[in-house]
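The following note comments on a single protein model, point by point. Please read it with the coordinates open.

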Amino acid sequence: MSKALLIVISVLFGIVLSACIGSSSNSVVLKGASSIIGEDGKLKENIGLRSAGDLFTIILPKGANEHMLSTKEFSTAKDNQQSIGLTFYRGLSKMASENTLLGTYTISGIPKGSAMSKTVRLTLRIKGNEVVIEAVEKNSKIQLKVIGEK
């Protein structure tokens, strides 16, 4: 297995248009995720998103370590959509509601365009004992803002 493993998953599902509220930065630490990083630096549970009803879509799998990052791509669902809301969970169940909520985040600063014309590349990586979220608009390479709930 290579030291740097890139998992690219492209899934289109109901993407929520969210308002941009709170403090922001180009990357943010995923709250509550540090508690599931073991002494060996590996995740003890999966980290993922709620999708398609109550499905738990894994982004960083159990066992992931500092040498692994995971990227997921989302397309805008509406014309001129400038933000995407994402709800993160941790756990081992296939159902999001059976896992532990980590928080809700908004990716903002997406350039205006027609539905499906903008692609947001969301990256989660383990840095030390934290999980960091970063987002870029794929075509323009614009760094997007990641805003955590207050």
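Leaving aside its neighbours within four places in sequence, with which residues is L124 in contact? Taking contact as heavy atoms within 4.5 Å, L124 touches L30, I47, I59, L60, L69, S70, F88, V131, V132 and I133.

1. Basis of the note. The model is predicted, so local features are reported only at pLDDT of at least 70 and side-chain atom pairs only at pLDDT 80 or more, whereas totals for chains, interfaces and linings use all residues. Residues are numbered from 1 along each chain as its sequence is written, and side-chain values use heavy atoms, with hydrogens and water left out.

2. Overall make-up. The protein has 10 strands and zero helices; here strands are DSSP runs of E with at least two residues, helices are runs of H or I with at least four, and both are numbered from the N terminus. Of the contacts with a separation of 6 or more, 66% join residues 24 or more positions apart.

3. Burial and surface. Of the 150 residues, 43% count as buried, where buried means under 20% relative accessible area, exposed over 50%, and partly exposed in between (1.4 Å probe, protein chains only). The protein exposes about 7,700 Å², of which carbon and sulfur atoms supply 52%; the areas come from the Shrake-Rupley method with a 1.4 Å probe, and for residues only the protein chains shown count as cover.

4. Nonpolar core. The largest nonpolar core holds 28 residues, and L30, I47, F88, L122, L124 and V131 touch the most other members. Such a core is a set of buried Ala, Val, Leu, Ile, Met, Phe, Trp, Tyr and Cys residues joined through side-chain atoms within 4.5 Å. Two or more residues each come from β3, β4, β5, β6, β7 (100-108), β8 (119-127) and β9. The largest share, four residues, is that of β8. In soluble globular proteins, nonpolar side chains tend to be buried together.

5. Aromatic pair. A search of the whole structure finds one aromatic pair. F88 and Y105 form this pair in an edge-to-face arrangement, with 5.7 Å centre to centre and 80° between the planes. Rings of Phe, Tyr and Trp (its six-membered ring) pair if their centres lie within 6.5 Å; planes under 30 degrees apart count as stacked, over 60 as edge-to-face and the rest as tilted. F88 and Y105 are both buried. F88 lies in strand β6 and Y105 in strand β7, so the pair ties together parts that are 17 residues apart in sequence.

6. Salt bridges. The structure holds five salt bridges, each defined by a side-chain nitrogen of Lys or Arg within 4 Å of a carboxyl oxygen of Asp or Glu. In one of them, E45 meets R90, with the closest N and O atoms 3.3 Å apart. E45 is in the loop between β2 (27-29) and β3 and R90 in strand β6 (residues 83-91), so this pair ties together parts 45 residues apart in sequence. E134 forms a salt bridge with R125 at 3.2 Å between the closest N and O atoms. E134 is partly exposed at 21% relative accessible area, and R125 is partly exposed at 25%.

7. E73 and K138 meet in a salt bridge of 3.3 Å, N to O. This pair links distant parts of the chain, with E73 in strand β5 (residues 68-75) and K138 in the loop between β9 (130-137) and β10 (145-148), 65 residues apart. E73 is buried at 9% relative accessibility, whereas K138 is partly exposed at 31%. R121 joins E73 and K138 in a network of salt bridges.

8. Strands β3 (residues 46-51) and β4 (residues 55-60) pair in the antiparallel sense over five bridges; two strands pair if DSSP finds at least two bridges between them. R50 stands opposite F56 in β4. Three residues lie between the strands of this hairpin, and A52 takes a positive phi near 35°.

9. Positive phi in loops. Most residues other than glycine have a negative phi. N80, which is not a glycine, has a positive phi of about 60°; N80 lies in the loop between β5 and β6 and is partly exposed, with a relative accessible area of 45%. M116 has a positive phi near 70°; M116 is placed in the loop between β7 and β8 and counts as partly exposed at 46% relative accessibility.
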